Amino acid sequence: MASHQPPSADTPPPPVAEAIASSGVLLPPRIVYLNDQTSISASAGTANDELECSLHYLPKPLMREFGHVFNDEHLNFHSGDDMIDNVDGGSSSSQLRLLAIPTNQRAREDLVAVGDHIEEEKDRLLNVFLEFGKHICEQLRSKGYWADYIDPCSGLPMLSLNCNKVYSEVDGMECLLNYKAYNAGFCKILTHPRWGSAVYPATIFAHAPAEVVRSLLESLPVGSGM
């Protein structure tokens, strides 16, 4: 009788894996982290803290939401067409795509609970993502591509000015990763297939060639799988 091996920590459960395979995924969920070698901005308090991240073409269900949140900021971004041409060796404008980089962190506490220790954990997770989002966006913007990340506290863009529409992280994770959610009073709670509600979601967006963003994410150190 054939033995059945349990899935590894980096392998999504079957329903999630099937949804990812059928979506516009460019890089399936993987555990990564920043350290002193990958980012000079990685502080002592956030270095080596792991995140799950993946890369997707922005799907149609999120296009309208993206437009409401960012307006046309990605089209108004100018850092020099010559810079883009030099990076990609030619006409990269035809390669530019809207991309989403959803990230999730495994919390040390169930974030549905309340208390000072829960707020402290949320602050820790927030700082880890802000360092990560800053690093990814700085890398892409230095190459001449638009990128921005969502402030998990407000739901608003961190870099794009004059944007006041809130992005729903839970709805985004449902759409991009097929992760489930449930209603608790007036709140919608995301559940991770392995971590349950001990999860902290946050998203980065980019307008860039897919291969550039994928290479950047693949260059990050791979974590243990949490």
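## Fold

The chain runs α-β-β-α-α-α-β-α-β-α-β-β-β-α along its sequence. That gives seven helices and seven strands, taken as DSSP runs numbered from the N terminus (helices H or I, at least four residues; strands E, at least two).

This is a predicted model: local features need pLDDT of at least 70, side-chain atom pairs need 80 or more, and totals for chains, interfaces and linings use all residues. Residues are numbered from 1 along each chain as its sequence is written, and side-chain values use heavy atoms, without hydrogens or water.

## Packing and surface

Of the 226 residues, 45% are buried, meaning under 20% relative accessible area; exposed is over 50%, and partly exposed lies in between (1.4 Å probe, protein chains only). Among contacts with a separation of 6 or more, 72% join residues 24 or more positions apart; a contact means heavy atoms within 4.5 Å.

The chain exposes about 11400 Å², with 51% supplied by carbon and sulfur atoms (Shrake-Rupley method, 1.4 Å probe).

## Largest pocket

The largest pocket has a volume of about 680 Å³. A pocket is an open set of points on a 1 Å grid where a 1.4 Å probe fits, with protein on both sides within 12 Å along at least five of seven lines; lining residues have an atom within 4 Å of a point. The volume is the space filled by probe spheres set on the points. Lining residues number 28, and Lys122, Pro152, Lys188, Tyr200 and Pro201 are closest to the centre. Helix 5 (116-142), helix 6 (169-177), strand 6 (187-191) and strand 7 (199-209) each give two or more residues to the lining.
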